[in-house]
Amino acid sequence: MRKKMRRGRIILGISFFLLILARVLASQILAGEDKPLKPYKVGAIFAITGAASWLGEPERNTVKMIEEEINALGGINGHPLKVIVEDTVGDETKAVMAVKKLIEKDKVLAIVGPSRSGTTLAVIPIVERAKIPLISCAAAEAIVAPVKPWVFKTPQKDSDAVVKIYEYMNKHQISKVAIITGTTGFGSEGRKQLKKLAPEFGITIVADETYGPKDTDMTAQLTRIKATDAQAVINWSIVPAQAIVVKNMRQLGMTIPLFQSHGFGNIKYAEMAGEAAEGLIFPAGRLLAVDTLPETHPQKEVLTRYKERYESKYGENVSTFGGHAWDALQLVILALRAVGPDRERIRVFIENVKGFVGTGGIFYYSPEDHTGLNKEAFEMLTVKKGKFVVLK
Amino acid sequence: MSLGNQLLQYLFTGITIGSIYGMVALGFNIIYNSTGIINLAQGEFVMLGGMITIFLTTVVKLPLFLSFFLSVLLVTLIGAIFERLAIHPLKSPSVITLIIITIAGSILFKGGAMFLWGKETFTLPSFSGEKPIFVLGAIILPQTLWILGIMGGVVLLLIFFFSFTRAGKAMKACAVNRRAANLVGINVKLMVLFSFALSAAIGAVAGIIITPIALMDYDRGTMLAIKGFCAAVLGGLGSNAGAVIAGFLIGITESLGAGFISSGYKDAIALVVLLAVLFFRPGGILGNKEHT
């Protein structure tokens, strides 16, 4: 009787043990079946901290948001998307190190970024050598001129913004302009383009002034402009100091039209300049004035979707710069979905993208054009009651 | 616009910019006067003054007048705490150690401000409207008058404080000779605390009154500190009247340089003037030659 009981206990013990074993095995097998496919790794390098962080932060937020959304929808053809973000601090050396790490350690399939033109130019030789597609979020034309096989960019061209302004001036019989530009990279690049393209449009530059990014008062430069016979002023900068120019100009009682560059495309700048900003004119991507864009416009849906998602997730206004990152990563995702994890095929795919509707415009890449956008990507905007609206 | 009008406009612009530099320079002087060190975190006190006022008026929604005083008080406190935590614990610090500590403080304040308020640039409404005042065809902003008035008041108060009060004289004595001051019974460490609090307060005032015209962000302090430091050196370190005069001088040279030569060279022109003056008068315009 006692023996039987003991045997019973042993059997009970063994079966209990087997039960656990089976369970563990089963869960392992199940997990094996459930195990997701190998993730697709994409690198992202942005100036998240440092002086250019107003570029890098919305860009980082945007790619993180896309990563989450794509993975919630089951990834790319079943493969989860993994975006590895590195901070360049806006510094060339750090950007180069980050790219090397992404290529050698993480073995990414493509890289989006960097945020700044300078850092982009610094990493180009490395990605060219390693043969990794790079889709930059920086604007300088030198990035894609001459065309490098592995390098693309999503922002519009500076020269197209200049063309857009000059065309508007031709239409409104303005031929003598004063330019006032920031001394940062964006400002001096704009100054070069403004001076280069002016003769083509029959425009004379009668004053050429500059200001530093931390300057506190620009009335001296504007007084000089006031003394000339300029019919309009073009203020080309990307830093907050440009709002002081807008203010000072109105304070000096200057009534000639003021044109800004696409670097004015941050509603904060309009807020800083307050009433003085009313009526100024600038070319910009359509993201900023999506509310006043006609329903029929092909970009309307993409822009509204991006704006709503970004603003509800991060509680801050969308910026053009985040939009550049959106375009860059969506291009990579499009390529991965179509051709899979093969760097050369991704490159060829992007080079032949035609009619991709992004936030910056509608992209038509070709082996000769790695920007994909023309001047039609810009819309002339104005400030009305403190808001950006499409100029009619 | 006639040449005369232009010249007048450049002068007004120079006075506006110069008064900003002068205010920052005053803060440098106070700490220098009592400790003999250059507080490289001075620009950050200016930035904190502006940023805290912006925070109080836009987020807490206090009236500007109240925010002004509250912000000065808070920055004064920050200055005092900074001294207690970073400067005070050192037993017998060398001047260079102290200066390096203030650099660290500057980086810390800047980082803190960046985390608290982000990297955006903010502004404040002008104290009494934005309508410019026309004087002989040139314009001057009401805010510039506020800056000039407040700066004048601060300078008078400082002169009174350092020349006629016990605490002020004691602070001056510490700068001349710490040891001797200690021997005659002055609590040197307490005076150092006072000087940090006072210069933080003046920095904060400067930050608040310039924000409506110059805008403010977490990174604004360094550039202001450099220009303010130039003004302090040019005026003769320690001389408050010299700091104000030098501030105007740098501001006006910058603005005339931008107007008549080229706006690209205006910083260079101002710095060449600084070097030239220091070459002939190493002690600065109103400085004591012994100090150099």
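**A tour of chains A and B**

Select chain A: its radius of gyration, taken over C-alpha atoms, is 27 Å, whereas a compact globule of 392 residues would have one near 21 Å (the rule is 2.2 Å times the number of residues to the power 0.38). This is a predicted model, in which local features need pLDDT of at least 70 and side-chain atom pairs count only at pLDDT 80 or more, while totals for chains, interfaces and linings use all residues. Residues are numbered from 1 along each chain as its sequence is written, and chains are lettered from A and ligands numbered from 1 in the order in which they are written.

Along the principal axes, the C-alpha atoms of chain A fill a box of roughly 115 × 45 × 40 Å.

Next, colour residues 40-156 + 299-376 of chain A as domain 1 and 159-284 as domain 2; the bounds come from an automatic or database domain assignment. Their centres, over C-alpha atoms, are 30 Å apart. Domain 1 of chain A puts 10 residues into the contact and domain 2 of chain A puts in 12 (contact: C-beta atoms, placed from the backbone, within 7 Å).

Move to chain B and select helix α1 (residues 3-35) and helix α9 (residues 220-235); helices are DSSP runs of H or I, at least four residues, numbered from the N terminus. They pack at about 70 degrees with axes 7 Å apart, the axes being lines fitted to C-alpha atoms over the stretch in contact and angles running from 0 to 180 degrees between N-to-C directions. α1(B) and α9(B) are therefore roughly perpendicular (65 to 115 degrees). Show the side chains in this contact, including Y21(B) and F28(B) of α1(B) and L224(B) and F229(B) of α9(B).

Key
Two residues are in contact if their C-beta atoms, placed from the backbone, lie within 7 Å. Helices (H or I, at least four residues) and strands (E, at least two) are DSSP runs, numbered from the N terminus. Angles under 35 degrees count as roughly parallel, over 145 as roughly antiparallel, 65 to 115 as roughly perpendicular and the rest as oblique.
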